[in-house]
Amino acid sequence: MQVSSTYRYAKISPFKVREVTRAIQGLPVSAALDLVAFSPKKAAGFIAKTHKSAVANAENNANLRVDGLVVKEATVGEGPTGKRMMTRARGSGSRIRKRSSHIRIILTDEIEIKTRDKKKGQKKKPKRPSAKKKGEARPEEKAETKPEPSAEKAETPIEEVKE
């Protein structure tokens, strides 16, 4: 069953809100709420409010369990734009657009929640040996180094110039 919640006329540009709504689509309800709670963006507050409202609708109106819900769709539509004027140089004016948006979140219990389960017999992969210092090369790299150029010069015979 699907449950939705809509926040209309939010005083923020839809472009700014879409960045956060794209991140929560397809996530379980608790993971989406955590992601929004720790997001530093202003849009996260609007989305959190809408998300909590959708969860409350699912719990109270549709009698659904919260732990089985997934964010099916989180869309942002463009609301009405308020137009203002700002004075500019030489008696002219420019238009300021105060954008608003409509945020809609749809939750469903029809999609299965995918979790990452660790196998009991699986061991962690060993870490690769790392160089301890910046200039120090790894042991594999040391074996393949070229001989020094001074040693090559010593091996080549020097031609003597006759006068």
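These notebook entries record what I looked up in a predicted model.

**Entry 1: the core.** I began with the largest nonpolar core, which has 27 residues. Ile24, Ile47 and Leu107 have the most contacts inside this core. I then noted the elements that supply at least two of its residues each: strands S1, S2 and S5, together with helices H1, H2 and H3. H3 gives the largest share, eight residues.

**Entry 2: Leu107.** I looked up the contacts of Leu107, leaving aside residues up to four places away in sequence. Among the residues touched by Leu107 are Met1, Val3, Val29, His51, Val55 and Val71.

**Entry 3: helix H1.** I asked which residues of H1 are buried. They are Pro14, Val17, Val20, Thr21 and Ile24. These residues lie on the same side of H1 because they cover an arc of only 130 degrees around the axis. Their cover includes H2, H3, S2 and S5. On the face turned away from the buried side I found the exposed residues Phe15, Lys16 and Arg22. Gly26, which follows H1, has a positive phi, near 85 degrees.

**Entry 4: salt bridges.** I recorded four salt bridges in the structure. One of them joins Glu19 in H1 to Lys41 in the loop between H2 and H3, with N to O at 3.7 Å. Glu19 is partly exposed at 48% relative accessible area, and Lys41 is partly exposed at 37%. Another joins Arg104 and Glu73 at 3.0 Å, N to O; this pair links strands S5 and S2, 31 residues apart. I also noted Asp67 with Arg65, whose closest N and O atoms are 3.0 Å apart. Asp67 is exposed at 52% relative accessibility, and Arg65 is exposed at 62%.

Conventions. Residues numbered from 1 in each chain as written. Predicted model: local features only at pLDDT ≥ 70, side-chain atom pairs only at ≥ 80, totals over all residues. Heavy atoms only, no water. Core = buried A, V, L, I, M, F, W, Y, C linked by side-chain atoms within 4.5 Å. Buried < 20%, exposed > 50% of the residue type's maximum accessible area, 1.4 Å probe, protein only. Helix = DSSP H or I, 4+ residues; strand = E, 2+ residues; numbered from the N terminus. Contact = heavy atoms within 4.5 Å. Arc of directions from axis to C-beta. Salt bridge = Lys/Arg side-chain N within 4 Å of Asp/Glu carboxyl O.
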